[in-house]
Amino acid sequence: MASEDALGKAHRLVSLLVTPTSVQPGEPKTWFLNLLIQKTQDYSKAVDGSLLIATSKDGEHQQPVFDYVRCCVHALVNLKLELINAVEEAKKNPTEGATKGPKLEADALSISQQKSVGSILEMMIVLGVLPNLLPGVGVAVHKRSEFLQLIFKDLPKYSILEQYRQLVFTLDSLLDLASHRSLSGLVLTKHMGDILAALVQISHAPLMKPAEKEEEAEEKDGEHNVEVNTEATDAVDKEFTKLNMDPSADKFVMTADLYSRLSADQQRYAKELTRIVVKSYQPTIVRNLIVLAGSAKGVKAGIKTIVFIKPAPKWFSKKISELLTERLTAENGVANVIRGVLDMGGGDSEDNMDWQKVGLVATVLGSPPEGNYASVEKYYELICPQIIDILNNQTDKVYQMIACASIKAVTERSLILSRRYLLDAIMEPFIRLADRDEKVGLTVTEQELDDCLKSLFKIFVIGTDPCVIFLSNLDRVILLLLEVHASITFGVSHLRDPVKQIITRYLKHMSSETTLDVIRAWALDGSACDLPEAKRSRMLSLNKDLVFGNGEEGGIVVKARTSAEQSFYLTDDEKSIVIQDLLEDLKDPKMVVDFYLSLTADLTGIMTDEVNPEPELPPLQPGCDVEKQLLEIEASMDKMMNKMRRNLMVIRLLGLYSEDKTLQDNLMKESPRMIKFIGTTVQRAAKLLESDAVVDESSCVMGTQSLNMSLTILSLHLTQADVSSDDWKRMQEYTSDLKVLCGHPDPRISRLSSQLYQLVCAQGEVLAHTNVMKEKTKEIQAETKKLKAKADELKSQQKDSENCMMDERKKQLKEKAESVAAAKAARKKKVGLKEEEPEMQILEDKEGMSAYEAALYDVKDPLLPVRGHGIIELNKLVENKDEETLEHISSVFQLFVDSLEDDDTYIYLSCINGLVSCARFEPDKVLDILTREFTQVYQRKDLGDKAVEARTKIGEALVRFTKELGEVTPKYKNLLLNAFFGAASDPEDLVRASSLSNLGEVCRNIKFSLGPIAGELMMHLEASARDKAVEVRRAAAMVLTMVLEGLGRDAFTVLEQYLRDIHRSLRLRLSTETDEVALTHVNLALDEIDKIVRELFTPHLTQEPRMFVTN
């Protein structure tokens, strides 16, 4: 019972340190320190002063933060001892408190108790460990909580030795608590990373060398001139200062005793570090080591600021890397790394795979420790078998994907070592198949080949993206894979699809040259003999005495080749079909064309060999070694047989592809290579024909067929409609050879050669003339350029002269204005006129003048508003039909025309109105001027931004002109309508809409005269009805309404053939138009049509009263 009371008291002491207090919040620094002091005092009272707290003379705590850490350690150590006592008490009284169910351990902690203990441990780490770590050691502060960062800024500063003492005390306490089974999980599970960082710092941080003589060091310290190991001391001081710690006022001096004690601590904590790393759960260790290795690097970029973080010390990074390498190279080390990374969070399932974690593991495995080549090789020797084991034996797809990514990372790091310890081990069954001794190849079992092919499928197809460098690792076994594919492609095997995907990925993503070399090497020989020297050594070929067969479990087996097993004719037929299918799966037309052209080149070689056959086998020589001679004969026969087989394969493949229509189309697109190849064939045939060699059908059938096929392809290409000039230029090199072939014994070849020769020569003449024309064109362009430069120079001179004339004219106008102003001033001075009476003087000057003369007087005034007033007055006089004005109407008209050149818009528009007033007197001239100004208004640079306004005003003036003309308007309808039709292309919406409105007014006036141009008008309105500007669409509907109103019942006469289309178009616009105003205009037009129709078909019933006079 006493034990239970003591254990309960121990738990209450733990809770006391984490329960809320009555301390009021204030400044962050003051509030937190006051909280720690309050907790420390409460705990000290609770333990009856058994824990001594150092205070100053004023009663203040000297180290409030560390005192709280000591209280935490005291409470947890007390709890640990009481838990041990409880276990011993339970062992002494096993029957006490027994129940029927499973009995709870005496030292077990409840959930709330675990939470309290966890909070205490967290405070110990935060206040006792983290502030005492060097910058860059452990997880960086900026990666922790904001509250923790705030606390770190306000922690007190201590000396270097004091910080070391606090760190050692806290770390020893944590390790002691971790020795108890109930507390071990709470200590090492959540805080393993910080504990490892502290252990690495204490055990591996470099120490300052001790002073040679302590007395000298003390004297120098007293004089503040420490000269021994100043560099190391400054480095330590600088690191602690950056962590907001003060290394004390006095310089730190390393003594011999202190050095020996610190060295002993290093050895002790190094053993403790090794024990924890080895004995703890390995995935947890690996996970924390990876976090420590990647922490405190680079900068922390905030929203508004960028905080530069000091990177970890080199000794810390090196030790963490060594520990991680040791865990990695240990037994099941790779699996532990994978498990540790996957334990960091989600994404470790097949459906939700975190590829970032896969890349992280691959990066870790592909980064060997820094050192010499031997250490790197040892690293690869240890991890590569583990990666292969995970790839082959793990059923979890996540592990397999990580293994594939790791293999790729390892091969990219070191191609030689990865091939030695990784790829060769995976491809080992295929390597044995290429051994010269067939017995070695026969030892390969069906299961080995099955596992090897599945591993290659995972690595190169499923687990990694296609990469040329990585896929080049398949060079060694690609020919063997092709043999496997050929052996199972016509059968039933679970390996058929994986093998095909491996081969397709290799051929598709390797370079075109490599793909073509591999396909040719396998198709024509099945070995690497035909490959270039650089690739020949890398690719392995199947032993000629071995073949693949179907396995009992659906795989493949290796068997010894027998002469009676199958005919090579059947094998080559199957191989040719397989090659055609592979090239079709690549979906690369250029590759097919390259392969076909290479086969035709081989056919040319066969033709040459047929003209110059090899000598027959030598006869046996008597007296020599018969067995040796027989072996030589057998080798020669094998060589001849292989050559014959190769030639037959070339002919077989050419036969397959000659029937491919797609190949023929693609062959025409690769004209440069095709012409070069065919040109070579033609040159060779021409040389043979010119030489003394006998060329006839019996001795050179293959040559004749080859030449015939080449000329046919060439004629097919050259007779196309889109032959490029480059192709004709290339063909000019072979004209002499074609001329020689005109005399070929074969009549077809002779005829084709003659036709091609004439065609090429004719195109040669065309090319020559074209070149001459191009040269002349270049000369003309050069001359044109010179003339253009000369014209630009003349224009520049003319512009300069015009500018000079304008400047002179402005100067004269200025002088005239100044003289007029001076005359007025003199007159004022002479007469004594006051400043406020100028208008009276002007009125006096006009006395005795008629209205016409007064208007002319104002027009000649130098002031612009007065001139505008004069033009307006003249306009009014014309409108009012003033007799004197009408007598001089021609002069007034000319005045309006001349004033159109004025730069001011006010004068310009006033003149336009004046011309409209003169319309009834000079209609032809006025209309010509107005339409010209309407169409060319944008060419007047002086109007600037007011050009749009001016054009609308002129349009309105034209409408007023038609009203002035009245019934005479149809005479000028072409000029008017053409002007408004031309405005349909105006970029401004306002101008287009205004022109349509004006067009409606004109059409309403001309009525019956609309007939001949009704179709053009309807097309114009239909196009305007689809305009993007809503104002234009509105105006189009309004114009149609105005036309119908103007025509009335006569619409059936004028618009007879268009009225039905107009009605349909209006109905269509009702369903498509979205603008309400435009819809209103459309409805008005439809109503007008309805009104016209009703009037047409409704009789007019009028009552007429009749009066009869009777006598």
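Modeller: Patches are made of residues with over 30% relative accessible area and no salt bridge; like charges are joined within 9 Å, and nonpolar side chains (Val, Leu, Ile, Met, Phe, Trp, Tyr) within 5 Å. Lys and Arg count as positive, Asp and Glu as negative, while His and the chain ends are not counted. A charge is placed at NZ of Lys, CZ of Arg, CG of Asp or CD of Glu. Accessible areas come from the Shrake-Rupley method with a 1.4 Å probe, and for residues only the protein chains shown count as cover.

This is a predicted model, where local features need pLDDT of at least 70 and side-chain atom pairs count only at pLDDT 80 or more, while totals for chains, interfaces and linings use all residues. Residues are numbered from 1 along each chain as its sequence is written, and side-chain values use heavy atoms, with hydrogens and water left out.

Colleague: Which residues gather in a patch of negative charge on the surface?

Modeller: Four acidic residues do: Asp807, Glu808, Glu815 and Glu818. Find Asp807 in helix 35, which covers residues 747-831. Helices (H or I, at least four residues) are DSSP runs, numbered from the N terminus.

Colleague: Which residues make the nonpolar surface patch of about 270 Å²?

Modeller: Val1093, Leu1096 and Phe1097 make that patch. Val1093 belongs to helix 50, residues 1076-1097. Val1093 counts as partly exposed because its relative accessibility is 30%. The classes are buried (under 20% relative accessible area), exposed (over 50%) and partly exposed in between, with a 1.4 Å probe and protein chains only.

Colleague: Now salt bridges. How many does a search of the whole structure find?

Modeller: The idea comes first. Side chains of opposite charge can pair when their charged atoms come close. The cut-off is a side-chain nitrogen of Lys or Arg within 4 Å of a carboxyl oxygen of Asp or Glu. The search of the whole structure gives 19 salt bridges.

Colleague: Take Arg165. With which residue does Arg165 form a salt bridge?

Modeller: The partner is Glu162, with the closest N and O atoms 2.4 Å apart. Both sit in helix 6, 3 residues apart, about one turn of the helix. Arg165 is partly exposed at 40% relative accessibility. Glu162 is buried, at 14%.

Colleague: Where do Asp594 and Lys590 lie?

Modeller: Both are in helix 28 (residues 589-611), 4 residues apart, about one turn of the helix. Asp594 is buried, with a relative accessible area of 6%. Lys590 is partly exposed, with 40% relative accessibility. Shared partners also occur elsewhere: salt bridges join Asp172, Asp265 and Arg268 into one network.

Colleague: What about Glu448 and Arg432: in which helices do they lie?

Modeller: Their side chains meet in a salt bridge of 2.7 Å, N to O. Glu448 is in helix 21 (residues 446-462) and Arg432 in helix 19 (residues 428-433), so the pair ties together parts that are 16 residues apart in sequence. Glu448 is partly exposed, at 30% relative accessible area. Arg432 is buried, at 17%.

Colleague: Now cysteines. How many disulfides does the structure hold?

Modeller: The structure has 0 disulfides. The test is a pair of cysteine sulfur atoms within 2.5 Å. Cys742 is in no disulfide, and the nearest cysteine sulfur, that of Cys761, is 9.0 Å away. Cys742 is partly exposed, with a relative accessible area of 23%.

Colleague: And Cys384: buried or exposed?

Modeller: Cys384 counts as buried because its relative accessibility is 0%.

Colleague: Next, backbone angles. What is phi of Lys587?

Modeller: Phi of Lys587 is near 55°, a positive value in a residue other than glycine. Lys587 is in the loop between helix 27 (568-586) and helix 28. Lys587 counts as exposed, at 71% relative accessibility.

Colleague: Last, contacts along the chain. Which helix holds Thr170?

Modeller: Thr170 is in helix 6, residues 160-178. Thr170 is buried, with a relative accessible area of 0%. The C-alpha atoms of Thr170 and Phe66 are separated by 9.5 Å, though the two are 104 residues apart along the chain.

Colleague: Where is the place of Thr411?

Modeller: Helix 17, residues 397-413, holds Thr411. Thr411 counts as buried, at 5% relative accessibility. The C-alpha atoms of Thr411 and Leu422 are separated by 8.5 Å, and these residues are 11 apart along the chain.

Note on methods. Helix = DSSP H or I, 4+ residues; strand = E, 2+ residues; numbered from the N terminus.
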